[in-house]
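Reader: I would like to learn how to read a pocket and its surroundings in a model. Please begin with the lining.

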Amino acid sequence: MLDYRDLVKNIYEWTQADGRVFTERLQNALEKYCECVSDGVKYEGYGDTNDLLSLNPVYHPDKKFKRDLKKLCEYIQRTYSDYNNGTIAKCIENKWWRKYKDKWRYERVNANGITTYYRMRSKVEGGKIYKTFKRKDLFHTPYEKRELIKSYRYSMIGMPCLYLGCSIYVCWEEMRRANINNLMIAAFRLKDGEKLNLLDLRIQRDLGQATSSDLKEYLMALPLIIACSFKTQSDEGIYKPEYVFPQLVMHMIVKDSASKRTIDGVIYDTTQQEEDFKNYIGHDLRVIENIAIPVYEVADKGYCSRLSEMFSLTQPTTSEYEANKESVFGIASDRQEENTLFYILEERLREMDFASINE
């Protein structure tokens, strides 16, 4: 029987860039996954204090589970093959989504005035240096500039999407560790009464109060999570096969009209995780999480009215500006992560005024 900790380590290994074509990487990961879980999975925690509350669930797959899991993995591989062969329309009708949608995991977020997200943008763009940005400049790309939107993991070319990081650190990693002094940063919060229903594509480590039934549900969700979590072979390529499944997920989310949309977006782990910041990340996995919410409607110009109603945000600021605003920049703490620039900036932003994008 496989220990869940080892399964997570295996998944991280299978989804790394290794020089092989994506078809082989995907097939290898899904085949190994089915093989690993076939004899059962147990969760015994990570030795953290949080694990004292763990129920230590164990799941022994029955024949039906194994059959359904194998079918799902076949659907995923067939869907990628269809996409790779240019028959993209078949990907939308393939059973990978339609048959298993109700088996996926969801994260429901309610506005509580506490949960804060972050967004970064370089103030050096196209050879021009911007001294300041307004709130709206840290929102999604406006409709009249859709031609600037490239292909990203969870958004298609030309389709505006609001990407938010759950920490400044993860935003910085997504910006490929750009010079922090050249980055404008804003904090976002859901307005009172708003809520999000996010497809959960995180590779969970801490299962907390999960039961055997919860573990079973999560093991069935992992093939799609794996398909969406591959690290790209190259940041330079225009077409990235690792983005095929994340973008198909977004397509399925936005295919319903705004009034009928049941899923707002996705929550997922960044693939830009580096060993040198392992101590900063610690056991708070929220530090490496992102959310992506596609627009609810398309207009000729401006911003998505629904997203504008949902979020308030701070005026953008920079680390340099915040450092010069007061004589002492920093806090002393025994916790290593609390002495980092990222943590300090988050503390500053949380104390600022939140308002709508046009204020």
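Author: By class, the largest pocket is lined by 22 nonpolar, 12 polar and 13 charged residues. Ala, Val, Leu, Ile, Met, Phe, Trp, Tyr, Cys and Pro count as nonpolar, Asp, Glu, Lys and Arg as charged, and the others, Gly among them, as polar. The model is predicted: local features need pLDDT of at least 70 and side-chain atom pairs 80 or more, while totals for chains, interfaces and linings use all residues. Residues are numbered from 1 along each chain as its sequence is written, and side-chain values use heavy atoms, leaving out hydrogens and water.

Reader: What is a pocket, and which residues lie nearest the centre of the largest pocket?

Author: On a 1 Å grid over the protein atoms alone, a pocket is an open set of points where a 1.4 Å probe fits, with protein on both sides within 12 Å along at least five of seven lines; lining residues have an atom within 4 Å of a point. Here R119, M120, K150, Y152 and M175 lie nearest the centre.

Reader: Which strand gives the largest share of the lining?

Author: Strands are DSSP runs of E, at least two residues, numbered from the N terminus. Strand 5 gives the largest share, 5 residues.

Reader: Why is strand 5 largely enclosed?

Author: Buried means under 20% relative accessible area with a 1.4 Å probe, protein chains only. In strand 5 (residues 117-122), 5 of the 6 residues are buried, so the rest of the structure largely encloses it.

Reader: Which strand is joined to strand 5?

Author: Two strands pair if DSSP finds at least two bridges between them. Strand 5 and strand 9 (residues 183-190) run antiparallel, joined by 6 bridges, and Y118 stands opposite A187 of strand 9.

Terms used
Buried < 20%, exposed > 50% of the residue type's maximum accessible area, 1.4 Å probe, protein only. Helix = DSSP H or I, 4+ residues; strand = E, 2+ residues; numbered from the N terminus.
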